[in-house]
Amino acid sequence: MTTELEPIESQAKRKRYYGDDAVNVAAGFYGYRGVIDPIARHIISEEGFVPGTYKDSKGILTEGVGIADPELMGKNFFTEVMPIYIGRAQETTKNYAVLPEEQQSAIVSMAYRGDWGKETKGHLARGDLKAAAKEYLDHNEYRKGKAKDATDAQKGISERMLRNARALDPNVKK
């Protein structure tokens, strides 16, 4: 499937879906009829879904569930994209398989967004979720969203990062 950028006017008119609506529309868009994995549901609910391609808040060509990697555009989110990010989370995180679903979802979200830094991944590799949560919030994207002049998109990213960090350590400081 070739992904071509539509004129900005068309992109602006494209509806964005969030929460359960996003999950249902994404499943239909990708022709997915199976049981939706709770981690995929989490990612779609957080990221939202736009049918087709669009430019994201940073002007990057993006598709569907916030897919900005050209190698993954046009691939089925449920059967081809999610397994890649779940695999990255599993490979990076000590004892990933025995973590509660909420923590697994947060770690996959970090991998999916690409906003986990080297130090955060190091803490995850050692199984130190508390240190990983703290380090994860020591990030420019998080700080931008907390600034007084932050855009709605920046605030949303910051809020998502805080939710992910709190899934790892409910007592992490803002």
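Reply: Start with phenylalanine 77. Leaving out residues up to four places away in sequence, Phe77 touches Tyr30, Ala40, Ile43, Ile44, Val65, Ile67, Met82, Pro83 and Tyr112. Contact here means heavy atoms within 4.5 Å. The model is predicted: local features need pLDDT of at least 70, side-chain atom pairs count only at pLDDT 80 or more, and totals for chains, interfaces and linings use all residues. Numbering starts from 1 along each chain as its sequence is written, and side-chain values use heavy atoms, without hydrogens or water.

Phe77 also belongs to the largest nonpolar core, which has 44 residues. Such a core is a set of buried Ala, Val, Leu, Ile, Met, Phe, Trp, Tyr and Cys residues joined through side-chain atoms within 4.5 Å. Phe77, Phe78 and Val108 touch the most other members. H4 gives the most to this core, seven residues.

Now the helix packing. H4 (residues 77-92) packs against H5 (residues 101-113) at about 105°, with axes 8 Å apart. Helices are DSSP runs (H or I, at least four residues), numbered from the N terminus. Axes are lines fitted to C-alpha atoms over the stretch in contact, and angles run from 0 to 180 degrees between N-to-C directions. So H4 is roughly perpendicular to H5 (65 to 115 degrees). On the H4 side, the contact includes Phe77, Val81 and Arg88. On the H5 side, it includes Ile107 and Val108.

Last, threonine 92, also in H4. Thr92 is buried, at 17% relative accessible area (buried means under 20%, with a 1.4 Å probe and protein chains only). Its side chain reaches the backbone oxygen of arginine 88 at 2.7 Å. Beyond four places in sequence, Thr92 contacts Trp116, Lys121, Leu124 and Ala125.

Technical notes:
Helix = DSSP H or I, 4+ residues; strand = E, 2+ residues; numbered from the N terminus. Parallel < 35°, antiparallel > 145°, perpendicular 65-115°, else oblique. Buried < 20%, exposed > 50% of the residue type's maximum accessible area, 1.4 Å probe, protein only. Polar contact = N/O pair within 3.5 Å; in protein donor to acceptor, adjacent residues only side chain to side chain.
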